[in-house]
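This report describes selected residues, a nonpolar core and a pocket. The sequence and structure come first.

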Amino acid sequence: MNPTEMNASRPTVIDQPSVSKDTFVRGFSKGLKTLWLMSKFMFPLIILVTVLGKTPWLAMLGNAFAPILALIGLPGEASVGILLGMATNLYAAIGAVAPLNMTVKQATIFGFFLLISHGLLIEGAITKNFGAPAWKLTGLRLLTSFLFAFLLNVLWPS
């Protein structure tokens, strides 16, 4: 079959279904539901971390984790977001660090760290139910996320 015959068998115009008002309304409704779901995690944590920032508690927690987080280029106060992200989900972590004034580099490292090590409790339980060694996989995820964050911190020019 030559190229002319192949093109003749293809439609010249791609039929695209038009977006109806119903499609728009359903998409908008689902977007609002997603916004509501994310808001339930993020807003209370933003308020909590902002309030904690006014007390010595956040500084104490930040000081406790500052030496290890300094290795990956994060401020000690990011420990709240790291811990929440590892224990629950990314929305909680984002809500916890939103009040912090992180640089682009710090936010990127934070995001990549939790991209690998988020929801460890839930996903560890699921992994265990499938018969995989949950503790080994959790340890591997933590080690990988820390090493990746460390390399990103070292290789990213300041």
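N63 is placed in helix α3, residues 56-70; helices here are DSSP runs of H or I with at least four residues, numbered from the N terminus. Because its relative accessibility is 57%, N63 counts as exposed (exposed means over 50% relative accessible area, buried under 20%, partly exposed in between, with a 1.4 Å probe and protein chains only).

The model is predicted: local features need pLDDT of at least 70, side-chain atom pairs count only at pLDDT 80 or more, and totals for chains, interfaces and linings use all residues. Residues are numbered from 1 along each chain as its sequence is written, and side-chain values use heavy atoms, with hydrogens and water left out.

S145 belongs to helix α8, residues 134-155. S145 counts as buried because its relative accessibility is 0%. Its side chain makes a polar contact of 2.9 Å with the side chain of S117; such a contact is a pair of N or O atoms within 3.5 Å, where within protein one must be able to donate a hydrogen and the other to accept it, and residues adjacent in sequence count only if both atoms are side-chain atoms.

The table lists contacts (heavy atoms within 4.5 Å), leaving aside residues up to four places away in sequence.

| Residue | In contact with |
|---|---|
| S145 | F113, I116 and S117 |
| I82 | L74, F110, F113 and L114 |

I82 is also one of the residues that touch the most other members of the largest nonpolar core, which has 17 residues. A nonpolar core is a set of buried Ala, Val, Leu, Ile, Met, Phe, Trp, Tyr and Cys residues joined through side-chain atoms within 4.5 Å. Two or more core residues come from each of α4 (79-87), α5 (90-97), α6 (104-116) and α8. The biggest contribution, four residues, is from α6.

The largest pocket has a volume of about 180 Å³. A pocket is an open set of points on a 1 Å grid over the protein atoms alone, where a 1.4 Å probe fits, with protein on both sides within 12 Å along at least five of seven lines; lining residues have an atom within 4 Å of a point. The volume is the space filled by probe spheres set on the points, which are joined across faces, edges and corners. Among the lining residues are L83, W135 and K128. Helix α7 (120-129) supplies the largest share of the lining, five residues.
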